[in-house]
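Hi,

Here is the structure I promised to pass on. My notes on it follow just below.

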Amino acid sequence: MKKNIGIIAAIIFFTLFIVYSGFETIKVVLGPSLTITSPQKLETVHDPLVTVRGTANRVAFITVNDRQIFVDTKGEFATELLVPVGYTIIKVTVRDRFGKEITEYIPLSYTLLEENK
């Protein structure tokens with residue numbers, strides 16, 4: 001009876017070890033993820049101050065236009081940029097601790113309203 005309990009405990013231990021190893025390996029295989037919620041690509045804005053918002057998971061480093069920013073505990077980030085009149089491309093890059101990197105570009109245009117001209 002005691003021998004059976006020992007075998008069952010060993011099987012449970014190795015099963016949990018394999019499951020845990022699988023979850024940790026997924027982080028390495030998947031790499032970072034990036035979702036930008038604002039601004040939308042090809043959006044036209046009428047205010048020179050643009051807020052870039054999104055979510056980044058499994059990241060160690062994130063930059064917006066090559067300026068480092070930080071994510072909160074939920075993986076969300078927000079930063080404000082001052083854009084010039086006309087066409088602009090915002091660059092968002094995330095990198096995980098293993099060096100895998102994703103870069104997204106957000107093209108947008110800033111036009112003055114008639115009352116601001």
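Strand β5 (residues 67-69) runs antiparallel to β4, and three bridges join the two; strands here are DSSP E runs of at least two residues, helices are H or I runs of at least four, both numbered from the N terminus, and two strands pair if DSSP finds at least two bridges between them. Ile-62 sits opposite Ile-69 in β5.

Phe-61 has Arg-95 as its bridge partner in β7.

A word on provenance: this is a predicted model, where local features need pLDDT of at least 70 and side-chain atom pairs count only at pLDDT 80 or more, while totals for chains, interfaces and linings use all residues. Residues are numbered from 1 along each chain as its sequence is written, and side-chain values use heavy atoms, with hydrogens and water left out.

Zooming out, the chain has one helix and eight strands, in the order α-β-β-β-β-β-β-β-β. Its C-alpha atoms fill a box of roughly 85 × 25 × 20 Å along the principal axes. Of the 117 residues, 25% are buried (under 20% relative accessible area, 1.4 Å probe, protein chains only).

Cheers

Conventions. Buried < 20%, exposed > 50% of the residue type's maximum accessible area, 1.4 Å probe, protein only.
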